[in-house]
Each structure stands twice: as C-alpha cells, then as structure tokens.
Amino acid sequence: MNLVFKALSDPTRRRVLQLLRERPMTAGELAEESHLSKATMSGHFAVLREANLVDADKRGTTITYRLKLSVLEEALLEFVESFGFELTLGHDRRPRPHAVGTEF
Amino acid sequence: MTPKSLSIAAVFALFAASLWGWSVTPDQLGRWVLKALVVPVLWGILELAHMKRRGREWVAIVNWHRLCIAWVSLMLALTIALHLLVVTDVVEVAWVPAIRRIRGVVFGASLMIWGNHLPKLLSPWASAGQPFDWQRVHRFVGWTVSIGGFAVILGWLLPPLGEARAAAQIIVILALGLALGRKLVSIASPPRRPTTPGADPA
C-alpha cells in the first residue's frame, strides 16, 4: 500500500492515470500529453509499475501502458485529486501546479 | 496453494458436504445431487473452455475464474455444513440468527473484495480487436459490486433478521443486474472512440 501512496503523491503520475482511464496509450503519447521528457517520464512509469497501477506491454520499440486500478485505488486517486494539488494548463499549455482553493 | 488446486479442493469440499447432507436427509436425494454437481459441472466447463488459453492476460483471467469457483464452492459448503450442524443438534437453534448475520456479512465482504479486484484484470485481446470496452465495463462492474457488497453488509447488520435476508437479496440482484446490463450494453454498442494507441516514434 505504501507503493500506491507514493505513486499517487505526484501530480504527473496522477495525470498519467487519468489519461489512461480513457484508453491505453504509448509512452510517447503520455510524455507528449504531460509536456515532459521521456527520460523524466520513465521514472514516473517505473513508480507506477512498481505499485502495480499500470501494465506495460512492450512490442518492438513501442511500450503501451494500460490502467490497472482497483476500486479502492481509484477511490484514493479521486480523494487525493479532490484534496491535493492539481495540475492546470496555462495559456502556453505548460503545466503549472496550484493548490486547490486558491482560485477566485 | 495455486488457484487451480484451491478450486479443486473447494469443489471436493462442496461435494463432501453434499454427501453428508444426503446421509442426514436421504429422502432429499435430488436436492443433494443438484448441490453436489452444479458447481463441479460449471468448473469442468470453464476448465475445458480455458484449456487452450495462452498469454499472461488469459492466465490471470483463468485464475480469477478458478478463485470465483473456489469462493462459491466454499460458501455453499459452509452453508450446507452450518445447516446440517443445526439439523443434527450439534449447534443450538438459538445460534441460527447470529450465524445467518455473520454469513451475510461475510458474503457482503466477499463481494467487496471481488468487486475491488475486478478492474485489475487486463483485456486478453489487442485494443483494436476487443468485442467490447473491457476497461470501462470492468470498472463499472467493479464499482457496482463493491458498493453492492457494502450495502449487503449494512443490510445484514441493521434491519431485523426477517427483513435482512430480503434486503440483501434485493441488493445483490440489483447490483449484479446493473453489472450484467452494463456488459450487455457495451457488447451491443460500438466503441466510443478508437482504442488503438498511436505508434511510438523511435
């Protein structure tokens, strides 16, 4: 369970899980959506795999990630998103963190 | 203990409980034959259907089915055993209401555990060839059954015993009906959007 908490503590990893809710995505697509380098994303993917929250399917040079959230883990994700920090996209489409409750 | 050996052991336990029941009430042969054979036949059908399955996703699904069979067998065997212990006066009749509530709570907890784990199962088909939206259906079913299991626990703990069983049965039927309905709708409907991920640039 500690691994799950660690995985959910980072907003980038939570964003990855939210994207994977829609459909399976490749590592490249996830990196593009998150506006981070592939090297940075590799570290996040490793944490998510270690917590057994995603499945990595490697075919050739392509790694496709699929969501593997239990009901409890999904509820935790929603809880952390509601009461934790959220990522928003600025006008230049770069992610900026902000604390919930500071919007006017 | 592997899921396969656990399912075999559980099916044998159910068979043994049914034999015991037949020995206690030999005039109800048909009832005990039904209890003894329904789950083993279902188990046999599943094992035959899964004989040629390969791939890690299918292995996980097959083991999941085996654990479901084991769970159903053990719950039935336990129910039969408790009933026979009361019939043979080993357990006093006064304990029956408490035993029923405990059994109901255990059943509800089992549903919660089952529903919680269900979304962890991965689709055995490639994204483009799925007959239905596996991820959405299993998430919906998992949530429905988990919440239904919690409601079953409350249903067995809170109302008077006479109403508890009816309440629990209604909740289970509603939850499983919703889950089955969602799956049927998903099979009948085309996918909402393409599920094939783009190729990762080298």
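User: What percentage of the 104 residues in chain A do buried residues make up?

Analyst: Buried means under 20% relative accessible area, exposed means over 50%, and partly exposed lies in between (1.4 Å probe, protein chains only). In chain A, 47% of the 104 residues are buried. This is a predicted model, in which local features need pLDDT of at least 70 and side-chain atom pairs count only at pLDDT 80 or more, while totals for chains, interfaces and linings use all residues. Residues are numbered from 1 along each chain as its sequence is written, chains are lettered from A and ligands numbered from 1 in the order in which they are written, and side-chain values use heavy atoms, with hydrogens and water left out.

User: How many helices and strands does chain A have, and what is the strand order of its open sheet?

Analyst: Chain A has five helices and five strands, in the sequence pattern α-α-β-α-α-β-β-α-β-β. Two strands pair if DSSP finds at least two bridges between them. The open sheet of chain A has three strands in the order β1-β3-β2, with antiparallel pairing. Its edge strands are β1 (25–26) and β2 (54–59) of chain A, each pairing on one side only. Six bridges join β2(A) to the antiparallel strand β3 (residues 62–67) of chain A, and A:Asp57 stands opposite A:Thr64 in β3(A).

User: Which helix lies across these strands?

Analyst: Axes are lines fitted to C-alpha atoms, for helices over the stretch in contact, and angles run from 0 to 180 degrees between N-to-C directions. Helix α2 (residues 11–22) of chain A lies across β1, β2 and β3 of chain A, at about 85 degrees to β3(A).

User: Which residues of the largest nonpolar core touch the most other members?

Analyst: In soluble globular proteins, nonpolar side chains tend to be buried together. A nonpolar core is a set of buried Ala, Val, Leu, Ile, Met, Phe, Trp, Tyr and Cys residues joined through side-chain atoms within 4.5 Å. The largest one has 23 residues, of which A:Leu17, A:Leu20, A:Leu30 and A:Leu53 touch the most other members. In chain A, α1 (2–8), α2, α3 (27–34), α4, β3 and α5 (71–83) each supply at least two residues of this core. A second, separate core has 18 residues, including B:Trp58 and B:Trp156. Beyond four places in sequence, A:Leu30 touches A:Val16, A:Leu19, A:Leu20, A:Met25, A:Met41, A:Phe45 and A:Tyr65.

User: Why is α3(A) largely enclosed by the rest of the structure?

Analyst: Six of the eight residues of α3(A) are buried, so the helix is largely enclosed. Among them are A:Gly28, A:Glu29 and A:Leu30. A:His35 follows α3(A) and has a positive phi, near 60 degrees.

User: How many residues of chain A are in contact with chain B, and what area is buried between the two chains?

Analyst: The size of an interface is often given as the accessible area lost when the parts come together. Buried area is here the accessible area (1.4 Å probe) that two parts lose on being put together, summed over both. In this model, 29 residues of chain A are in contact with 24 residues of chain B. The area buried between the chains is about 2,100 Å², of which carbon and sulfur atoms give 44%. On the chain A side, A:Glu22, A:Arg66 and A:Val71 lose the most area to chain B, together 27% of what that side buries.

User: Is A:Glu74 buried or exposed, and what is A:Glu74 in contact with?

Analyst: A:Glu74, in helix α5 of chain A, counts as buried because its relative accessibility is 4%. Leaving aside neighbours within four places in sequence, A:Glu74 is in contact with A:Arg21, A:Leu69, B:Arg139 and B:Trp143.

How values were computed: Helix = DSSP H or I, 4+ residues; strand = E, 2+ residues; numbered from the N terminus. Contact = heavy atoms within 4.5 Å.
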